[in-house]
Amino acid sequence: MAEGTGIRVLVVDDEPAILDVLATSLRFLDYEVQEASCGRDALTEVRAHSPHLVLLDVMLPDFDGFEVVRRLRSAGSRVPVVFLTARESGQDVVGGLDLGADDYITKPFRLAEVTARVRAVLRRSTERATAPGGDGLLRCADLEMDTVTYEVRRAGRPVDLSPTEYRLLHHLLLNTGRVLTREQLLDHVWEYGEGDPGVLKTYISYLRRKLDALGPPLIETRRGVGYMLRAVREAR
């Protein structure tokens, strides 16, 4: 079976040449591809076809890709989104990821990179990690993640996480009590290869803010190395 069989991808870009080359390349891999050239059409296509992933240009003629993601998330859609952007500043990247996007690709790009990112995001979106107990739950102290429903609770209270925050916390929970290097976290959560440590630091800060509001700190920094998650009773 070809790699994209049965997988629907929506490609959104207002440049006809880019839209055509992306759609053609994905169709060659047997993905089912829908196309849109503006934000309103993108929202219509998501409602009509329920794609498994959206490749979304940031700069669109009506409203930008960030606004598209805002509207999707506010409507309850959790469809994975990969931004296509000519913006390279850390602030733009973090801003897009914080809205709930799953990854980003800067222009100009190589088609091999695009297809690799598509595969990686699709794989992550379908992962269902199972805890050793077999109940689909990952725990550390009073923190609990349900990997089937994607719900996170601390001390019984729900914690609202963006997709990127969820993936980062998921990897930390899978490795509770173990120090993970910055490179390991970047490679697993974002799969950038040469990722931006500043983005990781920002998301650690986001997680701490949400988790620490409900109990003692759980995420430790190992200066010069990385981060680890462990129960307070085990901390120094």
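1. Salt bridges to begin with: a search of this predicted model turns up 17 of them across the whole structure, a salt bridge being a side-chain nitrogen of Lys or Arg within 4 Å of a carboxyl oxygen of Asp or Glu. One to look at is the pairing of the Glu-15 and Lys-107 side chains, at 3.8 Å, N to O. This pair links distant parts of the chain, 92 residues apart. Glu-15 sits in the loop between strand E1 (8-12) and helix H1 (16-28), while Lys-107 is in the loop between strand E5 (103-106) and helix H5 (111-126). Helices here are DSSP runs (H or I, at least four residues), as are strands (E, at least two), numbered from the N terminus.

2. Stay at Lys-107 for a moment. The peptide bond leading from Lys-107 to Pro-108 is cis, with omega near -5 degrees. Pro-108 is likewise placed in the loop between E5 and H5.

3. Another backbone spot to check is Ala-141, a residue other than glycine with a positive phi, near 55 degrees. You'll find Ala-141 in the loop between strand E6 (137-140) and strand E7 (143-146).

4. On to helix packing. The axes of H2 (residues 39-49) and H3 (residues 65-74) come within 10 Å and cross at roughly 30 degrees; axes are lines fitted to C-alpha atoms, for helices over the stretch in contact, and angles run from 0 to 180 degrees between N-to-C directions. That makes H2 roughly parallel to H3 (under 35 degrees counts as roughly parallel, over 145 as roughly antiparallel, 65 to 115 as roughly perpendicular and the rest as oblique). From H2, Gly-39, Ala-42, Leu-43 and Val-46 meet Val-68, Arg-71 and Leu-72 of H3, where contact means heavy atoms within 4.5 Å. By class, that contact has five nonpolar residues, one polar and one charged; Ala, Val, Leu, Ile, Met, Phe, Trp, Tyr, Cys and Pro count as nonpolar, Asp, Glu, Lys and Arg as charged, and the others, Gly among them, as polar.

5. H8 (residues 197-212) packs against H7 (residues 182-190) at about 85 degrees, with the axes 10 Å apart. That makes H7 roughly perpendicular to H8. Arg-182, Leu-185, Leu-186 and Trp-190 of H7 make the contact with Pro-197, Val-199, Leu-200 and Tyr-203 of H8. Seven of these residues are nonpolar, none polar and one charged.

6. H8 also packs with H6 (residues 163-174), at an angle of about 85 degrees and with axes 10 Å apart. H6 is thus roughly perpendicular to H8. On the H6 side the contact includes Leu-168, Leu-169 and Leu-172; on the H8 side, Ile-204, Leu-207 and Leu-211 are among the residues involved. The tally is nine nonpolar, one polar and two charged.

7. Finally, confidence. Mean pLDDT (the predictor's confidence in each residue, from 0 to 100) is 84 for the protein, and 86% of its residues reach 70 or more. Over residues 128-134 pLDDT stays under 50, and the model has 12 contacts beyond four places in sequence for that stretch. Local features need pLDDT of at least 70 and side-chain atom pairs count only at 80 or more, while totals for chains, interfaces and linings use all residues. Numbering runs from 1 along each chain as its sequence is written, and side-chain values use heavy atoms, leaving out hydrogens and water.
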